[in-house]
Amino acid sequence: MSLNLSSERLLISITGMSGVGKNTIVDALLAKDSQLQKLVTATTRPPRTGEAHGIDKYFLSEADFVKRIAEDDVLEHVTYHGQYYGTLVSVVKDGMLRGHDIIGGGTYPGVAQFHLRLPENHLSFLILPPHKQAIEDRLNYRAQESGESIEKIQERLRVNAEDLANLHTPDYVFQGPDMVGSKKNDYDHVIINDNLTEAVNTVHDLIQ
């Protein structure tokens, strides 16, 4: 069922496979435009070291999360390893009432729900690399910075191998977990992140 938010403000989703730079683009847009507000999602998993309620995530009990689903305060949600993850309607509404467009990274299952439930207020972007090597280079650089294992990098590349081989095939159905079940034309805009500054400016111009 669609929601009528009575607002001209937008909920903006940025989707792309691991290593494509979607979070970097979101952070750059937030720094560039004060009208944008980061989407803070909710979860029932415990906070990690350094995470704060209402800033990194809304940390809810399972009973509270289920109650919010029943009260239609959850725009979309998934369960992963026994924990709930989702977007709260009240958080989106509050940001819009304060005059902000809400922006965050998201996977296609959530994007599909945003399209369904916020048909007038949702704007979706798919971020793609120019080629497979760009993802490999970025993930290897991230591993050097974070100490992430080569095995994890190789596993991510393996999972996305078919998607990377079909980046420029128009009717290809993506298989990787972030875009699973979607095609390019399921998103409002497809951006090739060949140059970060240009990608950020293009997304910002399209939002405006």
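## Ground rules

Helices (H or I, at least four residues) and strands (E, at least two) are DSSP runs, numbered from the N terminus. This is a predicted model, where local features need pLDDT of at least 70, side-chain atom pairs count only at pLDDT 80 or more, and totals for chains, interfaces and linings use all residues. Residues are numbered from 1 along each chain as its sequence is written, and side-chain values use heavy atoms, with hydrogens and water left out.

## The pockets

A pocket here is an open set of points on a 1 Å grid over the protein atoms alone, where a 1.4 Å probe fits, with protein on both sides within 12 Å along at least five of seven lines; lining residues have an atom within 4 Å of a point. Volume is the space filled by probe spheres set on the points, which are joined across faces, edges and corners.

The largest pocket holds about 1,800 Å³ of space. Its lining has 41 residues, and K22, K57, G105, T107 and D178 lie nearest the centre. Helix α1 gives the most to that lining, with five residues.

The second largest pocket has a volume of about 160 Å³. It is lined by 13 residues, with G19, V20, A134, R138 and N193 closest to its centre. Helix α5 brings the largest share of this lining, three residues.

## A residue inside

Now look at I12. Leaving aside neighbours within four places in sequence, I12 is in contact (heavy atoms within 4.5 Å) with L36, D101, I102, I103, G104, L123, F125 and I207.
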